[in-house]
Amino acid sequence: MRLMLALAALLIAAPTLAAPPAALFTDPPHDAAHPARMEVLHVPVGGVEIVAVAYLASGAGPHPTLVLCHGWPGNEKNLDLAQAVRRAGWNAVTFNYRGSWGSPGQFHFAQNPEDTAAVLAYLRVPGNATKLGIDPRRIALEGHSMGGWVTVLVAAKDPLLIGAALVSMANMGNLGKMPRDRLLGFTGGETETLVTTPAAMADELTANAAAFDVGAAAPGLARLPLLVVTSDDGLLGDANALVAGVRKAGGTQVTERHFATDHSYSDSRIALETAVLQWLATLR
């Protein structure tokens with residue numbers, strides 16, 4: 001009863017969304033020959049191997065695949081979204097950047113796009129794609145918060161992706177423009193599991209304020225289907241500026257969704273999953 005009331009409230013609050021996909025609430029039939037499964041991956045990059053997890057869909061495949069980029073520091077990894085994507089017949093791959101959440105190495109913002117590109121390259125290796133049931137011609141990228149920034153920088157340069165989704169994208173270039181004392185206060189609260197220090201992160205952000213700005217990436221996104229999801233977390237301006245740049249560059253495939261919730265979409269998880277699954281269903 002509680003679930004039905006919650007679903008009804010969702011549909012009332014977000015009338016622009018169609019009924020949620022069945023994958024949100026219905027497990028797929030068990031396929032004894034090709035069951036859904038999970039694989040731990042070790043992806044080589046920068047002289048180490050970062051940790052990734054593949055949530056692999058049931059069925060013979062190959063399946064389309066969504067790679068999810070977590071934010072900073074990554075307390076919210078959107079694993080419920082990964083599971084919903086798998087129930088919808090897509091593979092989902094999550095991973096941890098160098099120096100975060102058990103992946104070896106030092107954490108540096110500039111490395112995060114490199115790590116993401118390495119994951120994509122790993123999944124496209126013919127032997128890996130076959131083993132994991134991945135269609136290398138149908139891979140999309142999604143990122144939350146800092147992961148949205150990573151997604152922008154990677155997707156703008158990757159001609160093989162079929163789409164990119166940004167969830168509360170944080171333009172990391174803007175952080176580097178903060179006064180140092182304010183920036184140190186910010187970085188000091190984002191250190192969980194990261195192999196770095198608040199001062200090192202602040203220094204990197206300040207030194208790369210221009211290079212980390214997403215504005216220059218807008219033309220590269222204009223060719224892609226783009227999903228932009230925002231919330232009431234203060235980052236709407238970053239998203240709006242990027243969308244304006246994409247459209248100015250000729251982009252016509254932008255889908256926007258806004259939810260009145262916090263940065264982690266704490267009370268809008270089903271709404272977030274619905275938006276992503278409906279968008280994925282449009283990709284070819």
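Biologist: Which residues of helix H8 (residues 198–207) are buried?
Modeller: In H8, Met201, Ala202, Glu204 and Leu205 are buried, that is, under 20% relative accessible area, with exposed over 50% and partly exposed in between (1.4 Å probe, protein chains only). Helices (H or I, at least four residues) and strands (E, at least two) are DSSP runs, numbered from the N terminus. The model is predicted, so local features need pLDDT of at least 70 and side-chain atom pairs pLDDT 80 or more, while totals for chains, interfaces and linings use all residues. Residues are numbered from 1 along each chain as its sequence is written, and side-chain values use heavy atoms, without hydrogens and water.

Biologist: Why is Thr94 counted as buried?
Modeller: Thr94, in strand S4 (residues 91–95), has 12% relative accessibility and therefore counts as buried. Residues that Thr94 touches include Val53, Tyr55 and Leu68, contact meaning heavy atoms within 4.5 Å.

Biologist: What makes helix H3 roughly perpendicular to helix H5?
Modeller: The axes of H3 (residues 111–124) and H5 (residues 146–155) cross at roughly 65 degrees and come within 9 Å. H3 is therefore roughly perpendicular to H5, since angles of 65 to 115 degrees count as such, under 35 as roughly parallel, over 145 as roughly antiparallel and the rest as oblique. Axes are lines fitted to C-alpha atoms, for helices over the stretch in contact, with angles from 0 to 180 degrees between N-to-C directions.

Definitions and conventions:
Lists of a residue's contacts leave out its neighbours within four places in sequence.
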